[in-house]
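The following note concerns aromatic and charged side-chain contacts. Please read the numbered points against the sequence and coordinates.

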Amino acid sequence: MEIFIRPADRQDAVKLMGLLFQLQDESSTFMLEQDPETIEAADEADNIDILQTTTNNIMLVAATDEGQLVGLASAAAKPKQPRVAEVGVAVLNEYQGNGLAQAMMAEILDWATTFSSVNQLVLTVQIINEVAIHIYEKLGFKRIPESESEVLNSDHDLVPAFDMSWTVND
């Protein structure tokens, strides 16, 4: 089975909703700002269209050759900071350990360098998520000093985290 990384499109909306539910069930480090149950597929399709027409937002999916979505990576401009995009990546448990998250992040970095209008990518990572931290550091993300905080995990527990950043053309 082959897996392809590609930009999300509006036809992915229903499958994307299923992926989000599964990711939230599988991982305590994957959190959404909005409860997926409150999102309508038509609204998600419209959101995908809007995101993909800007130069400071992108959503990528990893899909099998049968069309199943198995991973997601995104960069979204921060409110009132259009040149700074917050990054997130998640892969279903069954597909982890094969370099998929790293490949998706590399695509985000390529987009940031060659197409986007952003000059900085930022993310928050839970301290216990050592695999993700390793990937981010390998790709050139740097820990932001004194950015330690606590974030809610999917079990609604506060857990230690910190911020990292990557500067375009650094």
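1. Two aromatic pairs are found when the whole structure is searched; rings of Phe, Tyr and Trp (its six-membered ring) pair if their centres lie within 6.5 Å. The model is predicted: local features need pLDDT of at least 70, side-chain atom pairs count only at pLDDT 80 or more, and totals for chains, interfaces and linings use all residues. Residues are numbered from 1 along each chain as its sequence is written, and side-chain values use heavy atoms, with hydrogens and water left out.

2. Why is the pair of Phe 141 and Trp 166 tilted? The ring centres are 6.5 Å apart and the planes stand at 35°, so the pair is tilted; planes under 30 degrees apart count as stacked, over 60 as edge-to-face and the rest as tilted.

3. This pair links distant parts of the chain, 25 residues apart. Phe 141 belongs to the loop between α4 (130-138) and β6 (142-143), whereas Trp 166 is in strand β8 (residues 158-167). Helices (H or I, at least four residues) and strands (E, at least two) are DSSP runs, numbered from the N terminus. Both Phe 141 and Trp 166 are buried, that is, under 20% relative accessible area, where exposed is over 50% and partly exposed in between (1.4 Å probe, protein chains only). Together with Tyr 136, Phe 141 and Trp 166 form one aromatic cluster.

4. The structure has four salt bridges, each a side-chain nitrogen of Lys or Arg within 4 Å of a carboxyl oxygen of Asp or Glu. In one of them, Asp 12 meets Arg 6 at 2.7 Å, N to O. Asp 12 counts as buried because its relative accessibility is 5%, while Arg 6, at 27%, is partly exposed.

5. Asp 46 and Arg 10 form another salt bridge, with their closest N and O atoms 3.2 Å apart. Asp 46 lies in helix α2 (residues 41-52) and Arg 10 in the loop between β1 (3-7) and α1 (13-26), so that distant parts of the chain, 36 residues apart, are linked. Asp 46 is partly exposed at 36%, as is Arg 10 at 34%. A network of salt bridges links Arg 10, Asp 46 and Asp 49.

6. Arg 143 takes part in two contacts of interest here. The residue forms a salt bridge with Glu 148, the closest N and O atoms being 3.2 Å apart. Arg 143 also lies over the face of Phe 162, at 3.7 Å from the ring centre; the criterion is NZ of Lys or CZ of Arg within 6 Å of the ring centre and within 35 degrees of the ring normal. Arg 143 is partly exposed at 43%, and Glu 148 is partly exposed at 49%.
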